[in-house]
Amino acid sequence: MLMGIIDSHAHLDSERFDYDRDIVISNLEENGVERVYNIGADLESSIVSVELASIYENLRAVIGVHPHSADEYNDEVENKLIELAKNENVKAIGEIGLDYYYDYSPRDTQREVFIRQIELAHKLNLPIVIHTRDAVQETFDIIKAAKEEHPDLKFLIHCFTQSVEMMREYIKLGCYIALGGAVTFKNSVHPKEVAKEVPLEMLVLETDSPYLAPTPMRGKRNEPMFIKHTAKEIAKIRGMKVQEIIDITAENAKRFYND
């Protein structure tokens, strides 16, 4: 049985888990999942993430405001995030970044809030989980500028679907690359190419539960236990044993999250 898997990015606070959340989390260990990092998307979900991590010992919390909710960010929200970060289970700021696909918040506001939360992470000495969609170059430029100003900052690019060339540019900045269910999709070219080429020491696994369930679970609600399908696909692509991929990516996740 595959053991010790770490899901670096999930949303178990989602309402789609309201009817069986305790069962899903309680069954993680017997399904080989050692730990799950539950990711905030706004203040409310960040609070719930911390609450869940306080209840379940195999959960950790990541707090922050997603670009979709950037126009809700203000001094009051930031101060509450600072308070939440005092909890020992809070391991990073995220998911933050830019989303020009939906544009739920104005782009100038997204940029301002993104940079502001990077500064918050620096202040709190926490790593950063990045969301980026249809904003490839601008996201990269902001992260590069942040690394130049604060070299010790750590970034993880969640749900990486960009090119191998862009992956290599992020690697030069010391960024971690997270691959999820998309790598198992038949026609998902970039994630498969990245899975083959990314330096193993910078790779982590994720589910983004309840979204993006991997093949053969595609179309269903995603769960952390399904992460084994992603690990199997990456192992196949790289010609490695599945447990090897699990062990390496687990250590990488712990290192990124200082956990």
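The legends below describe close-up views of a predicted model. Local features need pLDDT of at least 70 and side-chain atom pairs count only at pLDDT 80 or more, while totals for chains, interfaces and linings use all residues. Residues are numbered from 1 along each chain as its sequence is written, and side-chain values use heavy atoms, with hydrogens and water left out.

**View A. Crossing of helices H7 and H8.** The axes of H7 (residues 189-197) and H8 (residues 227-238) come within 9 Å and cross at roughly 65°; axes are lines fitted to C-alpha atoms over the stretch in contact, with angles from 0 to 180 degrees between N-to-C directions. Helices are DSSP runs of H or I with at least four residues, and strands are runs of E with at least two, numbered from the N terminus. Lys192, Ala195, Lys196 and Glu197 of H7 meet Glu233, Ile234, Ile237 and Arg238 of H8, where contact means heavy atoms within 4.5 Å.

View B. Ser209 and Pro210 are joined by a cis peptide bond with omega of about 10°. A cis peptide bond also joins Thr215 and Pro216, with omega of about 15°.

**View C. Leu212 in the loop between E8 and H8.** Leu212 is not a glycine, yet its phi is positive, near 55°. At 35% relative accessibility, this residue is partly exposed (buried is under 20% relative accessible area, exposed over 50%, partly exposed in between; 1.4 Å probe, protein chains only).

**View D. Asp134 in the loop between E5 and H5.** Asp134 sits between strand E5 (128-133) and helix H5 (136-149). Its phi is positive, near 55°, and Asp134 is exposed, with a relative accessible area of 53%.
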